[in-house]
Amino acid sequence: MITDLIPQRDPILMVDDAQATANGVKATLTVRESNWFYMDGILLEAGLVEHIAQSAAAMVGLKAEGDPHEGYIGDVKDFTVLRLPLLNETIETFVNPVMQMDNITLIEAESYVNGEMVAKARLKVFIVD
């Protein structure tokens with residue numbers, strides 16, 4: 001269950017599932033009307049950022065074997081939205097670590113809907129021990 005990997009809970013839970021990949025994690029989210037960042041048929045940009053950040057948290061949770069840690073977004077760079085996901089669309093986000101130093105991880109993320117890139121970003125994530 002995703003709540004075994006990340007500390008977020010409803011109503012802000014923005015990842016449905018996460019699986020380890022060769023380099024990082026693949027996380028999914030189906031856009032529902034109940035999503036905190038859903039409005040007028042779309043998932044807002046802030047929802048995409050939060051989904052990417054929680055996907056990064058899931059990567060940390062998988063590495064920690066299900067011991068979720070509290071984390072914070074320290075920096076968002078090069079955040080590009082190509083289009084906003086619509087109601088009932090499933091977002092697949094691939095998060096890969098670029099660099100890690102102590103409790104700071106720089107990640108790159110790309111989000112797709114049906115194979116079409118909808119967003120990409122680089123984030124600095126601070127993990128609290």
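Guide: In this predicted model, the largest nonpolar core comprises 21 residues. Those with the most contacts inside this core are Ile2, Ile6, Ala18, Val95, Ile107 and Leu123. At least two core residues are supplied by each of strand E2 (25-30), helix H1 (45-63), strand E7 (104-113) and strand E8 (116-127). Helix H1 provides the largest share, six residues.

Leaving aside its neighbours within four places in sequence, Ile107 is in contact with Ile52, Ala56 and Met59, with the run Val95, Asn96, Pro97 and Val98, and with Ala121, Arg122, Leu123 and Val125. Another core, of eleven residues, lies apart from the largest one, and includes Met14, Leu43, Ile91 and Val113. In soluble globular proteins, nonpolar side chains tend to be buried together.

Aromatic side chains deserve a separate remark. The structure holds one aromatic pair, formed by Phe94 and Tyr112 in an edge-to-face arrangement, with 6.1 Å centre to centre and 70° between the planes. Because Phe94 belongs to strand E6 (residues 90-101) and Tyr112 to strand E7, the pair ties together parts that are 18 residues apart in sequence. Phe94 has a relative accessible area of 31% and is therefore partly exposed.

Tyr72 is located in strand E5 (residues 71-81); with a relative accessible area of 44%, Tyr72 is partly exposed.

Conventions
Residues numbered from 1 in each chain as written. Predicted model: local features only at pLDDT ≥ 70, side-chain atom pairs only at ≥ 80, totals over all residues. Heavy atoms only, no water. Core = buried A, V, L, I, M, F, W, Y, C linked by side-chain atoms within 4.5 Å. Buried < 20%, exposed > 50% of the residue type's maximum accessible area, 1.4 Å probe, protein only. Helix = DSSP H or I, 4+ residues; strand = E, 2+ residues; numbered from the N terminus. Contact = heavy atoms within 4.5 Å. Phe/Tyr/Trp six-rings, centres within 6.5 Å; stacked < 30°, edge-to-face > 60°.
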